[in-house]
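Student: Could you take me slowly through the sheet in this model, and show me how its strands are joined to one another?

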Amino acid sequence: MSNILEVSGLTHRYDGADESTFQNVDLNLQPGELLAVLGASGSGKSTFLRCIAGLEEPSGGSITIDGVPVVESGRERIPAEHRGIGMVFQ
């Protein structure tokens with residue numbers, strides 16, 4: 001069974017920040033699997049999800065959704081409105 005979501009080496013750093021929000025995150029999610037992202041306030045959970053959804057551009061790494069590369073080497077290939085991803089903020 002192929003992965004519905006693949007995240008490889010995903011890194012994010014806000015402009016002017018001394019440290020990365022997160023770095024080198026790897027994740028594979030198969031159809032039917034559930035994912036929970038847990039962490040302390042300010043640890044980058046929402047930023048990570050925003051990168052997957054296309055609302056935030058990562059600094060590096062790749063994101064593949066249903067076999068289609070949407071981000072490669074930190075550069076957007078497919079914009080948010082064409083990814084078929086929805087988010088509901090808490």
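Tutor: In β3, the residue that bridges to V7 is I63, and V7 also stands opposite L27 in β2. Before going further, note that this is a predicted model, in which local features need pLDDT of at least 70 and side-chain atom pairs count only at pLDDT 80 or more, while totals for chains, interfaces and linings use all residues. Residues are numbered from 1 along each chain as its sequence is written, and side-chain values use heavy atoms, with hydrogens and water left out.

Strands here are DSSP runs of E with at least two residues, and helices are runs of H or I with at least four, both numbered from the N terminus; two strands pair if DSSP finds at least two bridges between them. β1 and β3 are antiparallel and share five bridges, and five bridges likewise join β1 to β2, again antiparallel. Strand β3 (residues 60–65) is in turn joined by three bridges to β4 (residues 68–72), also running antiparallel, and there I65 stands opposite V68.

Taken as a whole, five strands make an open sheet in the order β2-β1-β3-β4-β5, with antiparallel pairing. Because β2 (22–29) and β5 (75–76) stand at the edges with a single partner strand each, one side of each has no neighbour in the sheet. Helix α1 (residues 45–53) packs on this sheet, touching β1 (5–12), β2 and β3, where contact means heavy atoms within 4.5 Å. The direction of α1 makes about 125 degrees with that of β1, the axes being lines fitted to C-alpha atoms, for helices over the stretch in contact, and the angles running from 0 to 180 degrees between N-to-C directions.
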